[in-house]
Amino acid sequence: MDERRLGVISGLGAYALWGLFPLYFPLLEPAGALEIVAHRVLWSLVFIGVLLSVVRRWGHVRAAVRSPRALLVLAGAAVLIAINWLIYVYGINSGQVVEASLGYFINPLVSVVLGLVVFAERLRPLQWVAVGIAAVAVAVLTVDYGRPPWIALGLALSFGLYGLMKKVVRVEAAPGLFLETALVAAPAAVVLALLHSGGTGTFANAGTGHALLLASAGVATAVPLLLFAAAARRIPLSTVGLLQYLTPLMQLAIGVFVYGEPMPPARLAGFVIVWLALAVFTVDTLRHARAGARRAPADAVVVTP
């Protein structure tokens, strides 16, 4: 199997697993969102620690630990991804899967805006058009919901900021996730201790099967991330960008067809406008990627002796 095909399969696997999360997290009830996220942090730490020992990658962890700047940035990333997980689990387990899927539809556009604000990146004309269309979509959905789509906006903003943090510090997927979960492991342990001392913790009180499901959150978190890392190394980022829409499409389908969440005409119109914005954004991204690919060989001729 050639590297490109393996990369596509890995990417499809990662995004398909993330797309199935709306079916997975309800299985962890009666645990609440806070307890689920705390277990997700601690079991991810354990699973990634074992994995790092198997593949002998502790050197990457030590290198990051020796850099105060890297640790500070990873601490910020850890807080952001924990917030993202909390919003997501709450949205799924409170019957708002459709709105959660919206967050990951608009996430690429939010990331573009964050690049403009934080790094002063210049947007191309079609990117401005896509962002403007997305703003109209959010306005339409605000009217439909009777409030701003806070879950979607919270997911898109927290994950967009997390992406910026990861761009600032370059650490491989597994060592990075280990350090991020290690940095928030103590608060997660405190949360679980308080829940169990108050009698509301479920890990030891809802049967062995429930405890094993909570422990499986570590595997469920790490496996798609590692598949994504394998894909990103083997296929162009433009291809990764196209594959990422599989996750919110699956989540939307699960919300509508499995959980029977309503999709009134105004809400559907808002989603259609979002998809239009993504179509414009994707066309611009692919055009820009092809132009860059055409320029690359010429540049290589100039700089290569």
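## How H4 and H9 cross

Helix H4 (58–65) and helix H9 (residues 173–183) make a right-handed crossing, meaning the near helix is turned clockwise from the far one by less than a right angle. This is a predicted model, where local features need pLDDT of at least 70, side-chain atom pairs count only at pLDDT 80 or more, and totals for chains, interfaces and linings use all residues. Residues are numbered from 1 along each chain as its sequence is written, and side-chain values use heavy atoms, with hydrogens and water left out.

The axes of H4 and H9 come within 9 Å and cross at roughly 55°. That makes H4 oblique to H9 (under 35 degrees would be roughly parallel, over 145 roughly antiparallel, 65 to 115 roughly perpendicular, and the rest is oblique).

## Who touches whom

On the H4 side, the contact (heavy atoms within 4.5 Å) involves Trp58, His60, Val61, Ala64 and Val65. H9 brings Pro175, Phe178 and Leu179. Sorted by class, that's seven nonpolar residues, one polar and no charged ones.

Most residues other than glycine have a negative phi, and most peptide bonds are trans. Arg56 isn't a glycine, yet its phi is positive, at about 60°. You'll find Arg56 in the loop between H3 and H4. With 76% relative accessibility, Arg56 counts as exposed (over 50%; buried is under 20%, and partly exposed lies in between, using a 1.4 Å probe and protein chains only).

Pro30 sits in the loop between helix H2 (21–24) and helix H3 (33–55).

How values were computed
Helices (H or I, at least four residues) and strands (E, at least two) are DSSP runs, numbered from the N terminus. Axes are lines fitted to C-alpha atoms, for helices over the stretch in contact, and angles run from 0 to 180 degrees between N-to-C directions. Ala, Val, Leu, Ile, Met, Phe, Trp, Tyr, Cys and Pro count as nonpolar, Asp, Glu, Lys and Arg as charged, and the others, Gly among them, as polar.
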